[in-house]
Structure formats: structure tokens, C-alpha cells
Amino acid sequence: MENKTSKYFKYAIGEIILVVIGILIALQINNWNDERKNRTYEKEILTLINENLKNDSINLSIELNKSKVSNQLTDRLLKQINSGIQSDSLNNWLGKIISFERFKSQSSAFEVLKSKGIDIISDTKLQLELISYYDQSVHDVYVAHKDVEESFKKVWEPIIQEEFLDFRWREYAIPNDAKALLEKPSIISFLRFYKENRSSGEPYSEIALEQISKIRKLSKKYIND
């Protein structure tokens, strides 16, 4: 009886060990499958984010260039005003100066990632860069652009209605009397203020562009794997 009990006990222990091993193997396989699915999803979502960022980079660069060109034209116009010279291109210059920049980030892929959980991105540095870009840098660009837009609506719109014969967005602005308009101290002061306001917002676009470049470099190895 003792021998039989000992055999049954050993058999039971062996069965338990086999069951435990089987469970551990199943859990490991399940973990491998989950990890594989996560890495597949990571590649897919980063590919979409990369496309969004590519478009953001193009649009930001276009708007930043518009701002820089407008400020350069403002400097040229102010120099000509001081010299008493009026350029034949004045109407075109004013059309570009009397405007503001618009930018809308394409963040749909990042919003999907947030809903899934940003910790699915395996690179912590990449996580932080994504959060910094979408939650801070894009916000800063929006605020800078909004500030210029509000100045345009508050000051330029009334001036356009009172002082201009015709106005087409970013193409031309034809004053009733260009010489009289550009001799007004209030107009000269606002040209300077508007240029400074625009210039102060440009670094935010430059920072955002740098971040986009950094994120795309960090995500490249996960997209190409």
C-alpha cells in the first residue's frame, strides 16, 4: 500500500508539473503574439503619423516662408518711405504684407494613438517628442498665428475698407491715395508693429519644424523594420 501511495503521489506531482509547464508555455506564446501585434500596430500607426508630419512640415514651411517674405517686403517698403520713393510693385507688396498665416496640424493619427495608449510606442524618447510636438509646439504655432490674425482683423480690416480701392488676398492691395496713406504716422507705426508681431511668431514654426524632423528620424527605424 505504501509503495502504491508513493507511486500515485509521484504521478500526481508529475501531472501537476506538466500542467504548470503547459500553462507557462501557453502564456509565453500569448505574450509573444501580443507583442507581435503591438509591434505591427506600432509600425502602422507610426507610418500614418509620419505622413501627417510630412504634410505638417510642408504646410508649416510654406506659411513660414510667407511670413518671412512679408517681413522682408515691409522692411523694403519702410526704407522707401524714408527715402520718399514709391515702388511700381507697391500694390503687390501691400497685398502680401496685409495678410496673415494659417496652419492646421494633421493630428488624426496621433489622436488614434492616444485613444489606444501612447505607451504602445516602444521608444520612450519618441513618445515624449510626439507629446511635446502635438501638445506644445502646435499649440504655440496656433497662438502665434492667432495673435497676428487678431491684429489684422482689428486694424487692417478697417484700414482696407477706408483707404483702399481694391484688395485681393495675398495678391494686391490698391490704396485710394498711396502717397497720402504712407505719409500717415499711424500707418508707418502699424507696419512696424505688424512686422514685429509676425517675426516674434516665426521661431515657434521653426521649433515645430525641427521637432518634426527629429520625430521622423526616430520613427524611421520602426517603420522600416
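From the N terminus on, the protein chain runs α-α-α-α-β-β-α-α. That order holds 6 helices and 2 strands, taken as DSSP runs numbered from the N terminus (helices H or I, at least four residues; strands E, at least two). The model is predicted: local features need pLDDT of at least 70, side-chain atom pairs count only at pLDDT 80 or more, and totals for chains, interfaces and linings use all residues. Residues are numbered from 1 along each chain as its sequence is written, and side-chain values use heavy atoms, without hydrogens and water.

**Whole chain**
- Buried residues make up 38% of the 225 residues (buried means under 20% relative accessible area, with a 1.4 Å probe and protein chains only).
- Of the contacts with a separation of 6 or more, 82% join residues 24 or more positions apart (contact means heavy atoms within 4.5 Å).

**Helices α3 and α4**
- Helix α3 (residues 108-116) packs against helix α4 (residues 124-163) at about 120°, with axes 12 Å apart; axes are lines fitted to C-alpha atoms over the stretch in contact, and angles run from 0 to 180 degrees between N-to-C directions.
- The two helices are therefore oblique to each other (under 35 degrees is roughly parallel, over 145 roughly antiparallel, 65 to 115 roughly perpendicular, the rest oblique).
- Phe110, Leu113 and Lys114 in α3 meet Leu130, Ile131, Tyr134 and Asp135 in α4.

**Pro175**
- Pro175 lies in strand β2 (residues 172-175).
- Pro175 is buried, at a relative accessible area of 6%.
- Beyond residues up to four places away in sequence, Pro175 touches Asn91, Leu94, Glu163, Phe164, Leu165 and Leu181.
- Leu90 is 85 residues from Pro175 along the chain, yet their C-alpha atoms are separated by 9.5 Å.

Methods
Buried < 20%, exposed > 50% of the residue type's maximum accessible area, 1.4 Å probe, protein only.
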